[in-house]
Amino acid sequence: MDISPNELHWKDAYKLMIGSILPRPIAFVSTVDPSGTANLAPFSFFTAICADPLMICFAPMRRGTDGRKKDTLVNIEATSEFVVNIVGEQLVEQMNETAPEFDPDVDEFHEVGLTPIPSQLIRPYRVKESGIQMECVLHDILHFGDQPGAGSLVIGKVVRMHINDELYADGKIDMEKLLPIGRMAGQVYTRAASDTFILERKK
């Protein structure tokens, strides 16, 4: 089967993409708007960029209904700050509850029963229940269209990390205690720490 993505409806191309690029980690991104209203939303187009400086990125797509920017992107454009909260198994249900499109004036922390705690260097709140939180300042945003199915790449510099003590030892994260989850296709998720194997890199 040979497929030209530009000949597909964007929803069909999207299904092929999320069924091929997996598992995907989830960035649980918290922001605030200029008036201070908190926003919290998950994004599974998320990865690391480099270590020096410590840079990460995530890609919010445009709303599938009308092509409008999502509240997370609007807030970051206005404030240049965001927090990426890492999702472990204990957060899965509440993370999923924030995925629908809420009105901009709705505080998702309150809606799903998560605890907002102050960041140290930026305005957006962190999710207390998350084992790892990354305070980020905006480095750049690249936009790729403004129609439904289009998206943006948000690049941020991590200026402060918060790691629960029980997850941290000898400069490393204990994956079996973090219990990270990954997004597969559709409504399927995976437990990233429960079925792993060692593969040593050859010198």
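**A buried serine and the sheet around it**

Let me start at Ser30, which counts as buried because its relative accessibility is 0%. Before I go on, please keep in mind that this is a predicted model.

Where is this serine? Ser30 lies in strand S2, which covers residues 27-32. What does its side chain meet? There is a polar contact from the side chain of Ser30 to the side chain of Asn85, at 3.2 Å. A polar atom of the Ser30 side chain also lies 2.6 Å from the backbone oxygen of Tyr125. If we leave aside the neighbours within four places in sequence, the residues in contact with Ser30 include Asn39, Leu40, Phe82, Val83 and Phe109. Pro124 and Arg126 are also among them.

Strand S6 runs over residues 81-86, and six of its six residues are buried. Is one face covered, or both? Both faces of S6 are covered. On one side we have Glu81, Val83 and Asn85, and on the other Phe82, Val84 and Ile86, all buried.

Now the partners of S6. With S2, the pairing is antiparallel and extends over four bridges. In that pair, Phe28 stands opposite Asn85 in S6. With S9, strand S6 again runs antiparallel, and five bridges join the two. There, Phe82 stands opposite Cys136 in S9.

Continuing across, strand S9, residues 132-144, pairs with strand S10, residues 151-163. This pairing is antiparallel too and has twelve bridges.

Cys50 is partly exposed, with a relative accessible area of 33%. How far is Cys50 from Lys157 in sequence and in space? The two are 107 residues apart in sequence, and 9.7 Å apart in space from C-alpha to C-alpha.

Next, a buried residue in a loop. Arg63 sits in the loop between strand S5 (54-58) and helix H2 (71-79). Is Arg63 buried or exposed? Its relative accessibility is 5%, and the cut-off for buried is under 20%, so Arg63 counts as buried. Beyond its neighbours within four places in sequence, Arg63 is in contact with Arg68, Lys69, Lys70, Asp71, Glu101, Phe102 and Pro148.

One runs from Leu22 to Pro23, with omega near -5 degrees. Pro23 has its place in the loop between helix H1 (10-20) and strand S1 (24-25). The other joins Asp52 and Pro53, with omega about 5 degrees, and Pro53 is in the loop between S4 and S5.

Then there are residues other than glycine with a positive phi. Ser80 has phi near 65 degrees. Ser80 is in the loop between H2 and S6, and it is partly exposed, with a relative accessible area of 33%. Leu179 has phi near 55 degrees. It is found in the loop between helix H5 (175-178) and strand S13 (181-183), and at 32% relative accessibility it counts as partly exposed.

Last, the whole protein. It has five helices and 14 strands. The radius of gyration is 17 Å, close to the 17 Å given by the globule rule for 203 residues, so the protein is as compact as a globular protein of that length. Along the principal axes, the C-alpha trace spans about 50 × 50 × 35 Å.

How much of the protein is buried? Of its 203 residues, 38% count as buried. The protein exposes about 12,000 Å², and 52% of that comes from carbon and sulfur atoms. Among contacts between residues at least 6 apart in sequence, 62% join residues at least 24 apart.

That is where I'll stop.

Notes
Residues numbered from 1 in each chain as written. Predicted model: local features only at pLDDT ≥ 70, side-chain atom pairs only at ≥ 80, totals over all residues. Heavy atoms only, no water. Pairing = 2+ DSSP bridges. Buried < 20%, exposed > 50% of the residue type's maximum accessible area, 1.4 Å probe, protein only. Polar contact = N/O pair within 3.5 Å; in protein donor to acceptor, adjacent residues only side chain to side chain. Contact = heavy atoms within 4.5 Å. Rg over C-alpha atoms; globule rule 2.2 N^0.38 Å. Areas by Shrake-Rupley, 256 points an atom, 1.4 Å probe, with all protein chains shown as cover.
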